[in-house]
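Open the model in your viewer and keep the selection panel at hand. This tour goes stop by stop, with something to select at each one.

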Amino acid sequence: MDIANQLSRQPSNRQTIVYAGKEKSVLAAFLLALIFGPLGVFYASIRGGIIMTLICLANVALIVLFGSNLFLEIIAVIVWIICIVNAYNAAKATIKDMDRRIKFRNNESVLYKSFIIFLAFVVTLPLIIVLLYIIKQGVLQVNWHFLTHVPAPEGEKGGGIANALVGSLIIVAMSSIVAIPIGILSGIYLSENPGTKLAYYSGLCVDILQGVPSIVVGIIIYFWIVKPFGFSAVSGSVALAIMMMPIVIRSTEQTLLLLPPSLKEAALSLGVPYHRVILKVIVPCGFAGILSGIILSIARIIGETAPLLFTALGNNYLSANIAKPMESLPHMIYTYATSPYDDQHDLAWGASFILLMFVLLLNIFTKLITRKWNIQL
Amino acid sequence: MLKNKRLDLSYSQMKWETIFRRILVIMSIIMLILVAGIFITLVVQSMPSIKTLGIGYLWGKVWDPVNNVYGAYPFLVGTLLTSFTALIISVPFSYAISIYLGEYNPKGWLSNLLKNTIELIAAVPSIIYGFWALFILVPVVRTFEIKIGVAPYGVGVCSASLVLAVMIIPYAASLGTSLIRMVPSPLKEGAYALGATRFEVIRRVVLPYTRSGLFAGILLSLGRALGETMAVTVLIGNTSAIAHTFKEVFFGPGNTMASVIANEFQEADHTMYFSALIELGLVLFFVTVIINLIGKRIITKYTNN
Amino acid sequence: MEHTVVSASKFNAWFGDNHVVKDVSIKIEKNQVIAVMGPSGCGKTTFLRCINRMHELIPGATAKGSLKLYDDDVYTMNPIYVRYKIGMVFQRPNPFPNLSIYDNVVAGYKLNGLKMDKADMDNIVQKSLTSAALWNEVKDSLHKKGTFLSGGQQQRLCIARAIAMEPEVILFDEPTSALDPISTSSVEQLFHELKTNYTLIIVTHNMQQAARVSDKTAFFYVGELVEFDETKQMFTAPKDVRTQNYITGRFS
């Protein structure tokens, strides 16, 4: 008891580093720089103030010389921000007492964390707003009539999205038929032959394809298929297949690379030929990963509009003719959203709701698969 | 001879092996063919425009198809303005999400919730963002424009940038999260042991370590923004004239390379018009591909370290 | 005079430029258990994998010389054929995780696309699992996936899978090094029973194991076959000084 009291009354033995000059209030420095810019920095640090004022004057001179333009205005804003940061740091460095300094830094850390958390969660707001609004507007539209009838002629009420619904399903199904085999086999090649030149260049091309803007894909297919054969659902499917493939390829490749090599060895040692080892052992063991890649790619293309703009076009009638134009959900949403008729807007809301539900369900399904079907290796 | 009569297989098995290997090779070659084909088609189809208009096309300020005058400058400005504004707006948010999910809260139900929400943002089709924004965001922007005294179009670069910003957040955020999680603990522990606060460790250890990777994430977001078509087309207002002051350009309607192709492709009736549009596609292709490749190359360097 | 099952004559193997097996000549007789020993990197595993032509699956791996199964050169035969006749059990048990125990045993047939009637398959499964001393433990859960099996049981499942192909020779690449002592002894007991029907070649790091289970032992050192003799002889009075040093623990 006695000793504890004695210890607590003894002055601290720590050495404090003493800054020459007055201590500045961080808050004051921050506010002054915020309001007065480079001039406000003078409060916190003379040297900083001089530097920032000079830079600012240079900026002003350029503006006077070349006239106000976007580039220089952006520079002015950046200079202002740098002033604030400078003032803050300069003032922070003048805090003398070690304990108070540590307390300040701790508070700074907590403030930063709150700021980060705020920014991170604010991002969810737009999504929630969009989802809620689409559900609100769209749910009202959806009923059996809506799903089974084609849109009414312009200006008339009623009608539905049957043509777009069926069209989307047909187009996506056709894309999958093309993209899935090519994608899986390509992915197998890349994972089985990682060092070869072909694998390097092919992988490069996969990355390139993944980055090609969707409208460019539409243009290309226009020249390859629509020009010779006319607008058709097939052309739309091919365009979407080109967008599906990179996703399937990469996820197949990554899934297979994660499999242990002992699996392949075990099969080969039993005298199983290579193609059967891949098709009957490797691919089934990686099935969960490959399937989730496929479903994700489907979820991605089911909402793509741009490639369909000049390929599958649209069609006001319910049609299953793949050699002719076919409507699809995203294309219909685009056409009707930008139309002047309110009835068509209503249809677009309903279609958006259906499309959104599809995409959400596919994503949720993927998550469930990867959790449940992942074979214990 | 084999003791085990059951395994009397014919040697056709070997034939299938070679066939299978050949098929795998062919599938990979298809990728090469596709990319080469895309490139060649774009170049060939924009040849008329390249030959006639030359490189001046890129800074021609007038786009007047009726009088056969083509200049890509308005669209370059529109594209760069929307993409970079979207990028600048999105960066603080992607950065905050990466730090939160990578450093402050890597595991647990809340972090999973946030991660799934971000993935959902990326999953929503762009046309739905465009459609929603057209009816909900644009009126809000319109009222704002009235308040600050510009012509209240509502549509334009401003709305398009806002929506684009939301759409590209997930790309940099998910990449940033993985990178920040990969920062080795000994590095951070060394800093903590010297008495640094959490903020200081993040600022002086984690972020410098992941700097180039985060930059790659930003490049990927940029690539996505540049190539985005539908949401922008719906929101950008479709004007090919270029306004005079920055305020007018930003708050007024415009066009991006992708949106002008989407809007005018079907109307192009003569070769020059057509090939001028395709040339835009070629430029778009080049720019997005280069940015994406640089980004991916930085990332592979990172993950191999 | 016993029949020679596996014989090698001036056999060499490389990984790229790295000469790992140098001029190995050996004659292995039928129905014996042969232990192959040596310090790390001496080429014993590489030589083993050459016998069933698994060595060439590694990019850059080459081999030269004569390696025969009975009178046929292994390198002139179809590798798939070779692997039917020469089975292999690996260091880490590697049953197929997506197949049931039953399907694992007949995997060699099913994966090769062979159609067999159920009675035939049931017969093979029972015979193989019995020979691997696993039948009693799994006979009620044949159609479950083998994830609940212990390490030793999984390894015996892999042995059953190899036996089901009715090979001439079974190769073992350090089969018990990943197992606990009890599982190890259950696998070692198997060797004794298996040699009546098969020839076993076992690469092992464990000298005591070699002494326990094998009839003859081969000692490899830096790629060469230094000595090949009756196990008893090798461990009590080795002829080469290098063998002597290894056995007495001068290097491991």
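What follows is a walk through a predicted model, from whole chains down to one residue.

**Stop 1: chain A**

How does the radius of gyration of chain A compare with that of a compact globule of 377 residues? The globule would come out near 21 Å, but chain A has 32 Å. Of the 377 residues of this chain, 45% count as buried. Contacts also reach along the sequence. Take those between residues at least 6 apart in chain A: 73% join residues at least 24 apart.

**Stop 2: chain B**

Hide chain A and select chain B. There are twelve helices here and zero strands. Read along the sequence, the pattern is α-α-α-α-α-α-α-α-α-α-α-α. The C-alpha atoms of chain B fill a box of roughly 85 × 65 × 35 Å along the principal axes. What share of the 305 residues of chain B counts as buried? The share is 47%. Among contacts in chain B with a separation of 6 or more, 75% come from residues 24 or more positions apart.

**Stop 3: where A touches B**

Show both chains again and colour them differently. In this contact, 62 residues of chain A meet 64 residues of chain B. Which helix gives the most to the chain A side? Select residues 98–122 of chain A: this is helix α6, and it gives ten residues. By class, the chain A side divides into 44 nonpolar, 13 polar and five charged residues.

**Stop 4: a helix pair in chain A**

Here is what to look for in the next two stops. Two packed helices are described by the angle between their axes and the distance between the axes.

Select residues 214–229 of chain A, helix α11, then residues 233–257, helix α12. Their axes come within 9 Å and cross at roughly 135°. The two helices are therefore oblique to each other. α11(A) passes α12(A) in a right-handed crossing. Show the side chains at the contact. On α11(A), they include A:Val217, A:Ile221 and A:Ile225. On α12(A), look for A:Val238, A:Ala239 and A:Ile242, among others. By class, this contact has nine nonpolar, three polar and no charged residues.

**Stop 5: a helix pair in chain C**

Move to chain C. Select helix α7, residues 151–163, and helix α8, residues 181–194. Their axes come within 8 Å and cross at roughly 25°. That makes α7(C) roughly parallel to α8(C), because angles under 35 degrees count that way. α7(C) passes α8(C) in a right-handed crossing. From α7(C), the contact residues include C:Gly151, C:Gln155 and C:Arg156. From α8(C), they include C:Ser183, C:Val187 and C:Leu190. The classes here are four nonpolar, five polar and one charged.

**Stop 6: one residue**

Return to chain A and pick A:Leu34. It is found in helix α2, residues 26–36. Is A:Leu34 buried, exposed or partly exposed? It counts as partly exposed, because it has 15 C-beta neighbours inside 10 Å. Last, draw a distance from A:Leu34 to A:Ala44. They are ten residues apart in sequence and 12 Å apart in space, C-alpha to C-alpha.

Notes: Residues numbered from 1 in each chain as written. Chains lettered and ligands numbered in written order. Predicted model: local features only at pLDDT ≥ 70, side-chain atom pairs only at ≥ 80, totals over all residues. Helix = DSSP H or I, 4+ residues; strand = E, 2+ residues; numbered from the N terminus. Buried ≥ 20, exposed ≤ 12 C-beta atoms within 10 Å, placed from the backbone. Contact = placed C-beta atoms within 7 Å. Nonpolar A, V, L, I, M, F, W, Y, C, P; charged D, E, K, R; others polar. Axes fitted to C-alpha atoms, helices over the stretch in contact; angles between N-to-C directions. Parallel < 35°, antiparallel > 145°, perpendicular 65-115°, else oblique. Left-handed = near helix turned anticlockwise from the far one by under 90°. Rg over C-alpha atoms; globule rule 2.2 N^0.38 Å.
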